[in-house]
Amino acid sequence: MKNFLKSCILVSLVIFATSCNNSRDYDSNSRATGWDLSGRDGGVSYKTDYEEQEPGPGLVFVEGGTFTMGRVKDDVMHDWNNTPTQQHVQSFYIDETEVTNVMYLEYLDWLKQVFPPTEERYKNIYTGALPDTLVWRNPLGFNENMVNNYLRHPAFHTYPVVGVNWIQATEFSQWRTDRVNEKRLSDKGYTSRDAYKNSSADNVFSTETYLNAPSKVYGGSDSITRGGRETDRKLRNNPDSTNVYVQRKDGELLPAYRLPTEAEWEYAALGQSSLRDYNSYRGRKKYPWDGQYTRSGDGRTIGDQLANFKQGQGDYGGIAGWSDDGADITSEVRSYESNDYGLYDMAGNVSEWVADVYRPRLDNEYNDFNYFRGNVYTKNAITEEGKVKVLTADEVIYDTLSNGKIIARNIPGELAQTSIGDQETYLRTQFSKSDNINFRDGDKSSSRYYSKQGNTVKGEDMYNSPDNEVTLKDGKIDRRYDGSSTRTTLIDDNVRVYKGGSWRDREYWLDPAQRRYFPQDMATDDIGFRNAMSKVGSKSNKGRRTRN
C-alpha cells in the first residue's frame with residue numbers, strides 16, 4: 001500500500017513538473033495569452049518552427065556590420081566624391097558571381113515564350129529586354145566577333161552579361177524573384193508540379209500578386225488542363241491549415257532579388273570577414289584581396305594576376321604566357337580567387353550597377369545605417385471595388401529611353417503601383433513624400449538658386465543637366481536634343497552609381513571605394529550586375545536562439 005502511495009505521489013510530481021515546464025514553453029504557445037499558436041485548436045496559425053532564411057539560388061550570405069565606406073588611400077584623382085564615412089550595413093545575401101549570359105538568356109527565352117514578340121501588343125516586352133550588343137563596336141576597332149557572338153554563343157555562356165542598362169537589370173531582378181518563388185511553391189507542393197513550366201501571357205505568376213490577391217494569380221485560373229485532366233494549382237499549406245494559399249507569415253517565399261545598394265556592394269567587395277585588426281576595420285584594406293598589389297604573393301600562385309583589368313596602354317592582358325592575366329575582354333566568372341566572403345570578381349572583369357542614384361557626396365550626417373539614395377515609395381493601386389489592381393496586357397507601362405528604345409517597366413499579371421499620398425505621410429517623422437531621391441540634396445532649400453525669401457529661380461534646378469526629350473509621335477520617334485551651351489553637369493535623378501573596375505580599367509579603379517555614374521537607360525561593354533537579397537531574422541545566420 002505504501003509503495004502504491006509513493007508511486008502515485010511520484011507520478012503526480014512528474015505531471016506537475018511537466019505542466020509547469022510546459023507553461024514556460026512559448027515556442028508553440030502565446031507569450032501574451034497562453035493560447036495555442038499552431039492552429040490545431042481551430043484558431044489562427046503562426047509559423048512557430050521557423051529556423052533561418054534559406055539562401056536563394058546563386059546567393060552567398062554576408063554578415064552585416066560596421067565599416068569605413070569611401071576612399072582612404074591613394075586618392076590621386078582628388079574626386080572628392082568618396083570621402084570616408086563610417087557606415088553600418090545589415091546582413092544580406094549577394095550573388096557569388098556576376099549575372100552571366102546564360103542566366104540572362106533564360107530571362108529572354110522566357111519572355112519570348114510567354115509574350116511572343118510576333119504579337120504587336122507584346123513585342124516591346126521582349127525587345128525592350130534585349131541587351132545592346134552594339135556596345136562592342138568601335139570606329140577604330142574590329143570587334144564584330146563580340147557583336148555577333150558574345151551574348152548567345154555557348155563559348156560565352158559563363159561570361160558576365162554586358163550591354164544591359166540599369167532599368168533592364170532591375171526588371172531582370174523582378175523576373176528572377178517571381179521565377180524562384182514560383183518554383184519553390186511548386187517543389188513544396190503548394191502549386192501543381194508543372195505550373196511554372198506552363199506560363200502564358202494570360203497565365204503568369206507574380207509573387208506580390210500571389211500574396212495580395214492569390215485568386216488572381218495565373219490570370220485567375222484555378223486549375224490547368226493537361227492531358228484532358230485538370231490539376232489544382234491551390235494546395236493547402238498543410239493538413240491542419242485553414243488557409244488555401246501560402247501567406248507571407250508562412251515564411252515559404254523569399255524576399256525580392258534586387259540590385260545591391262552602394263553600401264552593400266562596397267562592404268561585400270572589401271571582404272573584411274577574416275580581418276579583425278584595427279587598421280582593417282578603419283578601412284585600410286585597399287582591394288578585395290589582402291595586400292597592396294594586384295599580383296598574388298602566395299607561394300603556389302606567386303606572380304599571378306588577381307583580377308581581370310587593363311594593365312597599361314594597349315595592354316589588356318599582359319604578354320602571352322606566364323605574365324598574362326588570362327583575359328583580354330571579359331573572362332569567365334570564377335576565373336580568379338574569391339574574396340573572404342566567397343565572392344568572385346568584386347574587382348575587375350566588369351564594373352557593376354548598384355541601386356543608388358548618384359550624388360557627389362554621402363549624407364552620413366543624416367543617416368549612417370543602411371545608407372541608400374533612391375527611395376521612391378509606392379503602394380498597391382486599389383480599384384473602385386476596393387481590390388488590388390492586376391495589370392493586363394493592355395495596361396503595361398512602357399518607358400521610351402533616351403536612345404528611343406521602348407522598354408516595359410512591368411509585365412501582365414503584376415500589381416499596379418501608385419505613389420503614396422498624405423494618408424501615408426501625415427504626421428510622420430521619418431518621411432514626408434513618395435519620391436525621396438532629392439532628399440537633402442536637390443530640393444529647393446539646397447539649391448544654389450534658393451533665395452532668402454524661400455523661392456528659387458524659375459527653371460533652375462540643383463543640377464543643371466541637359467534636358468533631352470524623346471517621345472513617340474504617330475508611331476515614330478521624335479528626338480529633341482538639348483542644345484544649350486549653359487549646361488554645367490551630367491548629374492540628374494536618372495544617373496546611377498556603378499562600382500568596381502572592369503577589363504577596360506586600370507588598377508586604380510579596382511578599389512571597391514571608387515564610384516562612378518552613368519545614365520540608367522544607357523549600357524556599355526564593361527558594366528554588368530549582380531543581385532542581392534535582404535536578410536530577414538537574425539544578423540548572424542547561426543540559427544534561432546532559444547526563446548524560453
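This is a predicted model: local features need pLDDT of at least 70, side-chain atom pairs count only at pLDDT 80 or more; totals for chains, interfaces and linings use all residues.
**Open sheet**

Four strands form an open sheet with mixed pairing, in the order β16-β15-β8-β17. Strands β16 (515–519) and β17 (527–528) stand at the edges with a single partner strand each, so one side of each has no neighbour in the sheet. Strand β15 (residues 495–499) runs antiparallel to β16, and five bridges join the two. Within this pairing, Y498 stands opposite R516 in β16.

The loop between β6 (229–232) and β7 (257–258) contains E252. Because its relative accessibility is 11%, under the 20% cut-off, E252 counts as buried.

| Side chain | Partner side chain | Polar contact |
|---|---|---|
| E252 | K188 | 2.8 Å |
| E252 | Y190 | 2.9 Å |

Neighbours within four places in sequence aside, E252 is in contact with K47, R184, K188, Y190 and V246.

**Nonpolar cores**

The largest nonpolar core comprises 36 residues, and Y104, W110, L111, F115, W353 and F529 have the most contacts inside it. At least two residues of this core come from each of α2 (101–114), α3 (123–127), α5 (166–187), β8 (351–357) and β11 (406–408). Helix α2 provides the largest share, seven residues. For F529, the contacts beyond four places in sequence are E98, V99, Y104, V161, V164, A169, F172, L259, E352 and W353. Another core, of 25 residues, lies apart from the largest one and includes V60, F92, W265 and V495.

Notes
Residues are numbered from 1 along each chain as its sequence is written. Side-chain values use heavy atoms; hydrogens and water are left out. Two strands pair if DSSP finds at least two bridges between them. Buried means under 20% relative accessible area, exposed over 50%, partly exposed in between (1.4 Å probe, protein chains only). A polar contact is a pair of N or O atoms within 3.5 Å; within protein, one must be able to donate a hydrogen and the other to accept it, and residues adjacent in sequence count only if both atoms are side-chain atoms. Contact means heavy atoms within 4.5 Å. A nonpolar core is a set of buried Ala, Val, Leu, Ile, Met, Phe, Trp, Tyr and Cys residues joined through side-chain atoms within 4.5 Å.
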